[in-house]
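User: Please take me through this one in plain words. I will ask as we go.

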Amino acid sequence: MPQVAAYDSKIEGNVIFTQLDAAMNWMRKNSLWPMPMGLACCAIELMAAAASRFDIARFGSEVMRFSPRQCDVMIVAGTVTYKMALAVKRIWEQMPEPKWCIAMGACASSGGMYRSYAVLQGIDQLIPVDVYISGCPPRPEALLEGLMRLQKKIEGEQSFLAQKPRLAAELAPEIQRRPPVRAYVRGGIVGAPPSKRTLA
Ligand code: SF4
């Protein structure tokens with residue numbers, strides 16, 4: 001009769017224990033799909049970062065989808081004019097949580113040399129920026145350095161706790177606007193006041 005081992009030594013070394021936060025963040029930081037928001041000359045350097053010489057694929061970020069619903073990190077590369085600014089914000093809002101933003105170059109970070117009536121003085125006036133990259137234009141290596149800084153930042157995040165309150169805060173006004181599904185019927189008592197439970 002064959003002997004059945006109670007412990008399979010073959011799996012030794014293949015099992016790891018970790019925390020959920022660490023595992024989630026590890027997956028997120030190594031699959032940051034960019035939304036390439038190329039608005040001016042910095043976009044050429046962004047394109048170079050994706051080419052073979054610099055190979056952004058080494059960091060898991062080669063998947064530039066051009067669809068906000070499939071993106072994790074918006075890379076704003078170029079001068080943000082007022083004409084484009086609201087389009088950028090709209091695309092940002094279409095990206096699902098969790099999401100991050102890199103301001104690439106002087107123009108995206110601060111308006112750069114364009115101290116003019118037509119140019120937004122930094123994309124952080126509209127959307128939250130996680131990493132700023134200096135330069136006019138920054139080289140592709142600088143973008144890769146920024147990407148690595150963002151990966152470091154994600155490593156330290158609380159993967160769910162940091163996300164849920166923000167989501168709740170965004171959704172609360174919309175939910176409060178909705179009519180209750182069964183108005184004034186609560187706990188089987190018709191006419192009872194609606195629940196005071198909130199999302200906070
Ligand atoms: S920072 Fe320089 S290179 Fe980049 S978009 Fe502005 S002017 Fe062009």
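**Loops, sheet and helices**

User: Phe66, buried or exposed?
Analyst: Phe66 counts as exposed, because there are 10 C-beta neighbours inside 10 Å. A residue with 12 or fewer is called exposed. Keep in mind that this is a predicted model.

User: Where does Phe66 lie?
Analyst: Phe66 is in the loop between helix 2 and strand 2. Phi of Phe66 is near 60 degrees, which is positive although the residue is not glycine.

User: New topic. How many helices and strands are in the chain?
Analyst: The chain has six helices and six strands. Along the sequence they follow the pattern α-β-α-β-α-β-α-β-α-α-β-β.

User: Which strands form the open sheet?
Analyst: Four strands form an open sheet, in the order 1-2-3-4, with parallel pairing. Strand 1 (34–38) and strand 4 (131–133) are the edge strands, and each pairs on one side only. On average, neighbouring strands of this sheet are turned by 15 degrees against each other, direction ignored.

User: What holds strands of a sheet together in general?
Analyst: Strands of a sheet pair through backbone hydrogen bonds, in a parallel or antiparallel way.

User: Back to this sheet. How many bridges are there between strand 2 and strand 3?
Analyst: Strand 2 and strand 3 pair in the parallel sense over five bridges. Strand 3 pairs with strand 4, also in the parallel sense, over three bridges. Met104 shows up in both pairings: the bridge partner of Ala77 is Met104 in strand 3, and Met104 stands opposite Ile133 in strand 4.

User: What about burial in strand 3 (residues 100–104)?
Analyst: Strand 3 is mostly covered, with five of its five residues buried. Trp100, Ile102 and Met104 are on one side, Cys101 and Ala103 are on the other, and all are buried.

User: How much of the chain is buried?
Analyst: Buried residues make up 26% of the 200 residues in the chain.

User: Helices next. What does helix 2 lie across?
Analyst: Helix 2 lies across strand 1, strand 2 and strand 3, and runs at about 135 degrees to strand 2. The axes of helix 2 (residues 42–50) and helix 5 (residues 140–155) also come within 8 Å, crossing at roughly 75 degrees. Helix 2 and helix 5 are therefore roughly perpendicular to each other.

User: Which residues of helix 2 and helix 5 make the contact?
Analyst: Helix 2 supplies Glu45, Leu46, Ala48 and Ala49, and helix 5 supplies Pro140, Leu143 and Leu144. Six residues of this contact are nonpolar, none is polar and one is charged.

User: What does Gln94 touch?
Analyst: Leaving out residues up to four places away in sequence, Gln94 touches Pro68 and Arg69. Gln94 lies in helix 3 and is partly exposed, because 13 other C-beta atoms are within 10 Å. Gln94 and Cys71 are 23 residues apart along the chain, and their C-alpha atoms are separated by 9.4 Å.

User: Last one. What is the mean pLDDT of the chain?
Analyst: The mean pLDDT is 83, and 76% of the residues reach 70 or more.

Methods. Residues numbered from 1 in each chain as written. Predicted model: local features only at pLDDT ≥ 70, side-chain atom pairs only at ≥ 80, totals over all residues. Axes fitted to C-alpha atoms, helices over the stretch in contact; angles between N-to-C directions. Helix = DSSP H or I, 4+ residues; strand = E, 2+ residues; numbered from the N terminus. Parallel < 35°, antiparallel > 145°, perpendicular 65-115°, else oblique. Contact = placed C-beta atoms within 7 Å. Nonpolar A, V, L, I, M, F, W, Y, C, P; charged D, E, K, R; others polar. pLDDT = per-residue confidence, 0-100. Buried ≥ 20, exposed ≤ 12 C-beta atoms within 10 Å, placed from the backbone. Pairing = 2+ DSSP bridges.
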